[in-house]
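Please read the following note beside the sequence and the three-dimensional view. Each numbered point takes up one topic.

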Amino acid sequence: QVQLVESGGGLVQAGGSLRLSCAASGRTFSSLTMGWFRQAPGKERGIVAQISSSGIITNYADSVKGRFTISRDNAKNTVYLQMKSLKVEDTAVYYCAAKRSWAASDIDYWGQGTQVTVSS
């Protein structure tokens, strides 16, 4: 079993930056593909970014490319999401997620979510 705990959310002005962290329990972290999802009010949850178990491969939603960076530290069992040039439309609850392989379609573990609010 893996538990994921997000932190780092908050209120920021448009154009600002935030860094989200997700700390994972368990000894299997380095084998997991990790990702960040977000859900805005009235919208479905969608993927923001994901990173392979080694950290070598990443991909991003088109809406955040060039502004967000996902990274991980396997020694600390932590994945990060650095967000820059934030826009009002980035406002959402951000969820950390883990799955057993890059190719897997189903998420195996979810965090509880952290709110990010971007004001104009």
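Predicted model: local features only at pLDDT ≥ 70, side-chain atom pairs only at ≥ 80, totals over all residues.

1. S85 counts as partly exposed because its relative accessibility is 42%; buried means under 20% relative accessible area, exposed over 50%, and partly exposed in between, with a 1.4 Å probe and protein chains only. S85 sits in the loop between strand 8 and strand 9 (92-99). Its phi is near 50°, a positive value in a residue other than glycine.

2. Residues are numbered from 1 along each chain as its sequence is written, and side-chain values use heavy atoms, with hydrogens and water left out.

3. A positive phi, of about 50°, is also found at N77, which is not a glycine. N77 belongs to the loop between strand 7 (68-73) and strand 8 (78-83).

4. The chain contains 11 strands and 0 helices. Here strands (E, at least two residues) and helices (H or I, at least four) are DSSP runs, numbered from the N terminus.

5. Is G113 buried or exposed? G113 is buried, since its relative accessible area is 16%. It is located in the loop between strand 10 (109-110) and strand 11 (114-119). Leaving aside residues up to four places away in sequence, G113 touches E6, V93, Y94 and Y95; a contact means heavy atoms within 4.5 Å. The C-alpha atoms of G113 and A75 are separated by 23 Å, and these residues are 38 apart along the chain.

6. For the chain as a whole, buried residues make up 42% of the 120 residues. Of the contacts with a separation of 6 or more, 55% are between residues 24 or more positions apart. The C-alpha atoms fill a box of roughly 40 × 25 × 25 Å along the principal axes.

7. The largest pocket has a volume of about 160 Å³. On a 1 Å grid over the protein atoms alone, a pocket is an open set of points where a 1.4 Å probe fits, with protein on both sides within 12 Å along at least five of seven lines; lining residues have an atom within 4 Å of a point. The volume is the space filled by probe spheres set on the points, which are joined across faces, edges and corners. Among the residues lining this pocket are R38, K43, E44 and E89.
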